Each structure stands twice: as structure tokens, then as C-alpha cells.
Amino acid sequence: MIADQNLVKKMNRRRLLQEVIHHSPISRASLSKTTGLNKSTVSAQIQDLVDEKFIFEIGQGQSSGGRRPVMLMFNKQAAYAIGIDIGVDDLTILMTDLDGSIISEKYFELHQSSLEETTALLLETIQHMIDTMPGSPYGLIGIGICVPGLVDCSGQIILTPNTHWNGVNLKKQIEDKFGVPVTIENEANAGAYGENIYGAAKAYDNFIYVSISTGIGLGLVLGNELYRGIHGFSGEMGHMTIDFNGPKCNCGNRGCWELYASEKAFRQSLPADWDHEEIHARFQQNDTRLLGALENFGHYLGIGLVTIANTFDPEAIILRNPLIESNPFVLNAVKNTLSSRMNNRFEAECAFLPSSLGKNAPALGACSMMIKQFINGITA
């Protein structure tokens, strides 16, 4: 009986905290109405959360006839999280509050840095962020890290085809150094999670996030839950075969989608000295070679997306790539391929959207995973 009472108390606490998080500012009376909990339960639970500094009072709201209610706010500065995206050629490190607002951010180009150099930079930057973190009741509550490759359900990095993190126990290394919980996640999964919480996919319960860089990875959100697969390896669609007689891929397969539709493949189709600025300038000049390469890039993306769309029947497909986010020409090329190969009804009912979080999506997703873990712990 006591165990049942404790469970009910925890469930009520979680429900009330979630209401305050999502509907601040809100009064105790409104909480009682929206949750169906009696006023004494609401009052006792809210007071505990105020004492623990997760909620604070901000003054009186509008009266509906009686005494003006005291309004409550979630204390998003009660703690902070760090999110890290270790890419093939770059490193993104963000610190956010509990609402996902970015407090500090660092971006580095890795230039084929060694494992030791990247690890040293990572540790140094985390320490600097901790040293300059604003004061808060709970401090740093976790570090989320994502990598482009296979990560199992225990957070072990199994395979990163385009980098050197295979088999590195980064989770233990970071936990031992900083003494906070650490989550290691696949980069596309983290990006999907970030877009779902903060970005272009907030309105969707079933969507596919496609990360297009040196390789191609997918994050699958099905029924409003991140789908990882039995071992955590879902979403490696960059290695589906689109050309049975194609060139060999780093993964051991031949004719993989990412050999034709990744940003690496796009850049290999251009002169080596065309950097980002040169590509932008040539696009403004309607350079025919560049436009042809962009159209080809969009076409091959569309080829793979046809299979993905037919397999999962999602509400939306979110595309994460700077060329697509800044250049409607590529997205139009993708849609042209889709419209020529798919049922018109599906094309009309599935949204194809560029990422709204851009390069921050994976790191923000990693942060939000740690925040969710912390919030769940508050009400456990």
C-alpha cells in the first residue's frame, strides 16, 4: 500500500512538473484544473519543487474574480547540459540550460586531427565550459556526445567508417574525468531528437531525419519515439546499395547510396580548389557546371529517399545539409526526382523540409537527451 502511494506521488510530481515546463507561467489553480489533482496535492507537490529550486514564483497573474493567483515558472537555469557533435572534419560543443537555450558554443575544424589531438581538444573545451558556467543549484547534469557511426545500446562506439573512434570507450573516459552522466549516441539519432524537440519536426510524431555530410545517416522517429533497433544500429541507410556494380565503399559493400549522394560525393564532382565561398559565388553567377553538380546531388538524394519514403511512410523527411538549407535549388531537384518516381498522393502528404537547427541539431539533440534524463530523475 505504501509502495502504491509512493508511486502515485511520483507520478503526480512528474505530471505537475511537465505542466509547468510546457505551460509556464501557470497558477496552482490552473494546474489543479488541467491535471485533475486536488488543490492540497498540487500545493504540497509544488512547494517541494519550489524548495528544490526547480520552480519559482514570479508574482501575481490576472484575477478571474477572486484573489489574484501567484504564477509559477520552471527554473530553466537550475542546471546545464553539454552536447557534443564529433564530426569527420569538425567538432561542435554546446552548453544549454534546461530549456535548450544555448549558453555557450564552440566550433572547431579538425583538419584530419589525430584521435589524441581531438580528445585533448574535447577535454580542454569541456573543462573551459564548466569553469565559465553560470552559477546554478545543480550545475552540470550531463554530457551528451554523438558520432557518425554505429553506437550500441550501452553507448559503446562500434564503428565509425569515416573517422578513428572505433572501439574507443569515450563514455567511461568522459565520465571518469568530469563525474557526470554521459550518453554516447549516433549523430543522426541525436539530430532527429534535436529537431523533434526544438526544430523543424516539432509538429510530427513520425518522421525521418537525414544527415548528409561525408556519409549519410538516418534518425528514425516513429510514434514520437526514437527508433534505434535491437542493437542500436538502425538508420544506416547510407549503405544501402543503389548500384550493384558500383565502387567499393569503406563499409565493405559496393554501390552504397552515400557514394553518390553525400556531400563528399558532391564535392568530388567539382574542382578541388572550389571552397564554400567559390561555390556560393558560382551559384550567384548561375555557373552551369555547378548547377549541374547540384542537380545531380539532388537527383541521387531523391533516388535513396524514394526507397526510404516507401518503406516508412513518414509524415515528414527532414534533410540536414548546409547546401540544402541555404539553396532551394537542391531541394527542388530532390522533389523532382521524387515526383517522377512516387505516387502523387504520397508526395502531397509527406513534407520534405530542410533542417531548421542546421549544424547545431545533433549537439542540441545530445543536450536534450541529458536534460530528459535529468528531468526524469527528478520525478523518479
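This is a predicted model: local features need pLDDT of at least 70, side-chain atom pairs count only at pLDDT 80 or more; totals for chains, interfaces and linings use all residues.
Strand 7 and strand 10 run parallel and are joined by five bridges. Within this pair, Ile 143 stands opposite Val 182 of strand 10. Strand 10 is largely enclosed by the rest of the structure, because four of its five residues are buried.

Five strands make up an open sheet with mixed pairing, and their order is 6-5-4-7-10. At the edges stand strand 6 (102-109) and strand 10 (182-186); each has a single partner strand, so one side of each lacks a neighbour in the sheet. On average, neighbouring strands of the sheet are turned by 15 degrees against each other, direction ignored. In general, the strands of a sheet pair through backbone hydrogen bonds, and the pairing can be parallel or antiparallel. An antiparallel example is found between strand 5 (residues 90-97) and strand 6, which are joined by seven bridges. Here Thr 96 has Ile 102 in strand 6 as its bridge partner.

Helices also meet these strands. Helix 14 (residues 361-378) packs on the sheet and touches strand 4, strand 5, strand 6, strand 7 and strand 10, while its direction makes about 145 degrees with that of strand 4. Helix 6 (residues 187-198) lies across strand 4 (80-86), strand 7 (140-147) and strand 10, and runs at about 100 degrees to strand 10.

We can now turn to a pair of helices. For two packed helices, the description rests on the angle between their axes and the distance between the axes. The axes of helix 9 (residues 276-284) and helix 10 (residues 288-312) come within 8 Å and cross at roughly 105 degrees. Since angles of 65 to 115 degrees count as roughly perpendicular, helix 9 and helix 10 are therefore roughly perpendicular to each other. Helix 9 contributes Ile 279, Arg 282 and Phe 283 to the contact, and helix 10 contributes Leu 290, Leu 291 and Leu 294. Of the residues in this contact, five are nonpolar, none is polar and one is charged.

Ile 26 is found in strand 1 (residues 26-27) and is buried, with a relative accessible area of 7%. Leaving aside neighbours within four places in sequence, Ile 26 is in contact with Val 20, Leu 31, Val 70, Met 71 and Leu 72. Met 71 is 45 residues away from Ile 26 in sequence, yet their C-alpha atoms are 5.2 Å apart in space.

Key. Residues are numbered from 1 along each chain as its sequence is written. Side-chain values use heavy atoms; hydrogens and water are left out. Helices (H or I, at least four residues) and strands (E, at least two) are DSSP runs, numbered from the N terminus. Buried means under 20% relative accessible area, exposed over 50%, partly exposed in between (1.4 Å probe, protein chains only). Contact means heavy atoms within 4.5 Å. Two strands pair if DSSP finds at least two bridges between them. Axes are lines fitted to C-alpha atoms, for helices over the stretch in contact, and angles run from 0 to 180 degrees between N-to-C directions. Angles under 35 degrees count as roughly parallel, over 145 as roughly antiparallel, 65 to 115 as roughly perpendicular and the rest as oblique. Ala, Val, Leu, Ile, Met, Phe, Trp, Tyr, Cys and Pro count as nonpolar, Asp, Glu, Lys and Arg as charged, and the others, Gly among them, as polar.
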